[in-house]
Each structure stands twice: as C-alpha cells, then as structure tokens.
Amino acid sequence: MEEQKKKYGPDGCNWTERHIGHEVRSLDLTIGRLVNAYQSKVDEKAGINRMQGWIIGYLYRHSGQDVFQKDLEAEFQMARSTASGILGAMEKKQLITRESIPRDARLKRLVLTEKGMEFQLEIMENFDRIQKILSADIPKEKLECFLEVLDMIKENAVRDCNLNQQ
C-alpha cells in the first residue's frame with residue numbers, strides 16, 4: 001500500500017512518469033523567459049512596447065500588401081481607440097507612416113519606415129540567435145525526430161478536440 005501511495009497521486013496519475021503536458025508547459029515557460037531576455041533589450045533600445053513590436057512584425061510580413069488600421073484591430077483583437085493610440089505613438093517614433101491610397105483618400109495604408117524595418121531585422125536576428133541557443137549540441141537527426149514527435153502530439157490533441165466537439 002505504501003508503495004502505491006508514492007507511485008500514484010491522489011488523482012490516480014502515475015507520478016513516476018514524465019507527463020507530456022507538464023514538460024511542454026515547462027519548456028514553453030523557459031523559452032518564454034529566454035525570448036523576453038533578448039527581446040526586452042531590443043524593445044528598450046527602440047523605445048517601444050511588445051504590442052508595437054508585434055505590429056511591426058505584422059506589417060513586415062504583409063509588406064507589399066495594403067494594411068489598414070482595421071486589419072490590426074482584427075488581428076490583435078483590439079478596440080479602434082486602442083489601435084489609434086498605439087499607431088499614433090508609433091508614428092511619433094517614426095516607425096510607421098500612414099499613406100492615403102488613390103481609390104479612397106479617407107483610407108490610410110500603414111507602412112513601415114526605414115527605422116521600423118531596421119527594428120524588425122534586429123528582432124529576426126534575435127530569433128536566429130535564440131534558435132541557435134535552443135538547438136545547440138543537438139544532432140540534426142534528434143532535432144528532426146523531436147519536431148516529428150511534436151507534430152504527432154499536436155495531431156493527437158487536435159483530433160481528440162475535434163472528436164469531443166461533435
């Protein structure tokens with residue numbers, strides 16, 4: 001009986017096994033701290049907050065397309081007044097410009113400035129550094145196997161969620 005108490009918790013889970021959910025959550029938190037350590041330095045240097053960084057990334061990924069304030073409101077689920085305030089601050093810092101479009105002068109397209117583009121390139125360099133840190137000393141085959149297993153775990157979770165929603 002004493003052996004069973006140590007091996008199983010009050011919820012019946014086997015405490016001697018490593019649980020995927022716990023391990024993934026722990027890894028997520030650890031990687032989050034690493035990203036914050038690198039990214040907060042870039043954010044401070046540019047004088048921006050995290051949301052402004054996300055907006056810069058969105059504009060970068062959608063460069064060549066017309067992006068309007070309403071697109072950011074939908075993407076980041078924010079109120080019009082919140083988006084206006086953030087974009088106004090970004091204009092003052094010369095990270096973006098708002099340009100009229102020929103078909104409707106009332107619509108203002110959001111465009112990254114050179115300064116905004118430089119900031120995005122710094123972010124991308126940071127993520128390259130973080131990727132190298134995370135994959136250091138891991139053989140390519142093991143990393144590929146890890147990613148395959150992650151995909152399988154995601155598929156299992158999605159499949160079960162879909163079954164339970166029916």
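This is a predicted model: local features need pLDDT of at least 70, side-chain atom pairs count only at pLDDT 80 or more; totals for chains, interfaces and linings use all residues.
**Entry 1**

I opened my notes at K70, which counts as exposed at 51% relative accessibility. A residue is called exposed when this value is over 50%, so I wrote the cut-off beside the entry. K70 forms a salt bridge with D71, and their closest N and O atoms are 3.7 Å apart. D71 is partly exposed, with a relative accessible area of 22%.

**Entry 1: the other salt bridges**

How many salt bridges does the structure hold? I noted eleven. One of them joins R103 to D66, with 3.9 Å between the closest N and O atoms. I then looked up where these two sit: R103 is in the loop between β1 (96-101) and β2 (104-112), while D66 is in the loop between α3 and α4. The pair links distant parts of the chain, 37 residues apart. R103 is exposed at 63% relative accessibility, whereas D66 is partly exposed at 35%.

I followed these two residues a step further. D66 and R103 belong to a network of salt bridges that also takes in E99 and R109.

I also wrote down the salt bridge between the side chains of D104 and R106, at 3.0 Å from N to O. R106 counts as exposed, with 72% relative accessibility.

**Entry 2: rings**

Next I turned to the aromatic side chains. The count comes to one aromatic pair. Y58 and F76 form this pair, and I noted it as edge-to-face, with 6.0 Å from centre to centre and 70° between the planes. Planes over 60 degrees apart count as edge-to-face, so the label follows from the angle. Y58 lies in helix α3 (residues 50-61) and F76 in helix α4 (residues 69-76), so the pair ties together parts that are 18 residues apart in sequence. Is Y58 buried or exposed? I have Y58 down as buried, at 9% relative accessible area.

I found a charge over a ring as well: K41 lies over the face of Y38, at 6.0 Å from the ring centre.

**Entry 3: a buried glutamine**

I looked up Q120 and found this residue in helix α6 (residues 114-135). Q120 counts as buried, at 7% relative accessibility. What does the side chain of Q120 reach? I noted the backbone nitrogen of G57, at 3.5 Å.

**Entry 4: positive phi**

Q77 has a phi of about 50° and sits in the loop between α4 and α5 (80-92). Q77 is exposed, with a relative accessible area of 75%. D137 has a phi of about 65°, and I located D137 in the loop between α6 and α7. D137 is exposed too, at 81% relative accessible area.

I looked up F146 in particular, and its place is in helix α7 (residues 140-164). F146 counts as partly exposed, at 39% relative accessibility. Patch residues need over 30% relative accessible area, so F146 at 39% clears that cut-off.

Conventions
Residues are numbered from 1 along each chain as its sequence is written. Side-chain values use heavy atoms; hydrogens and water are left out. Helices (H or I, at least four residues) and strands (E, at least two) are DSSP runs, numbered from the N terminus. Buried means under 20% relative accessible area, exposed over 50%, partly exposed in between (1.4 Å probe, protein chains only). Rings of Phe, Tyr and Trp (its six-membered ring) pair if their centres lie within 6.5 Å; planes under 30 degrees apart count as stacked, over 60 as edge-to-face and the rest as tilted. A charge sits over a ring if NZ of Lys or CZ of Arg is within 6 Å of the ring centre and within 35 degrees of the ring normal. A polar contact is a pair of N or O atoms within 3.5 Å; within protein, one must be able to donate a hydrogen and the other to accept it, and residues adjacent in sequence count only if both atoms are side-chain atoms. A salt bridge is a side-chain nitrogen of Lys or Arg within 4 Å of a carboxyl oxygen of Asp or Glu.
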